[in-house]
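Here are my notes on this one, as promised. Have the structure open while you go through them.

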Amino acid sequence: MAAPGAGDPVEGKSGKAPLAQRIDPTREKLTPAQLQFMRQAQLAQWQKTLPQRRTRNIVTGLGIGALVLAIYGYTFYSVSQERFLDELEDEAKAARARALERASGH
């Protein structure tokens, strides 16, 4: 029977597996084999999460695009309904007509 902690993946008394530790390859002296293993592990993690990330990016892009088109469409819709300039133009024409009528008929 092996002693606890001697290559055993589960710590003796607590029953918990040891946690992975972050390693800074620039500070710690690692062998080329260890660096290669780290690169392989990182690549495997990246490839594992790539489809989820790609799907999330597509959904986010479509959401942002839909929001932009909605704002663009709403802007055109609201500008097409603005009639205050038309009303001002009508009032200006009426005022000009009254001014001409006063000037000629007085």
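Predicted model: local features only at pLDDT ≥ 70, side-chain atom pairs only at ≥ 80, totals over all residues.

1. Residues are numbered from 1 along each chain as its sequence is written, and side-chain values use heavy atoms, with hydrogens and water left out.

2. The count of aromatic pairs comes to one, taking Phe, Tyr and Trp rings (six-membered ring for Trp) with centres within 6.5 Å. The ring centres of Tyr72 and Phe76 are 4.9 Å apart and the planes sit at 70°, so this pair is edge-to-face (planes over 60 degrees apart; under 30 is stacked, the rest tilted). Both residues belong to helix α1 (residues 32-81), four residues apart, or about one turn of the helix. Helices here are DSSP runs of H or I, at least four residues, numbered from the N terminus.

3. UniProt, in an unreviewed entry, puts a "transmembrane region" at residues 58-77; such annotations may be inferred rather than shown by experiment. In the model that span is 100% helix and 0% strand, with its end C-alpha atoms 28 Å apart.

4. How many salt bridges does a search of the whole structure find? One, counting a side-chain nitrogen of Lys or Arg within 4 Å of a carboxyl oxygen of Asp or Glu. The partners are Glu89 and Arg96, at 3.8 Å, N to O. Glu89 has 39% relative accessibility, so it counts as partly exposed; Arg96, at 48%, also counts as partly exposed.

5. Lastly, the largest pocket. A pocket is an open set of points on a 1 Å grid, with protein on both sides within 12 Å along at least five of seven lines. Its volume, the space filled by probe spheres (1.4 Å) set on the points, is about 220 Å³. Lining residues (an atom within 4 Å of a point) include Arg22, Phe37 and Met38.

Definitions and conventions: Helix = DSSP H or I, 4+ residues; strand = E, 2+ residues; numbered from the N terminus. Buried < 20%, exposed > 50% of the residue type's maximum accessible area, 1.4 Å probe, protein only.
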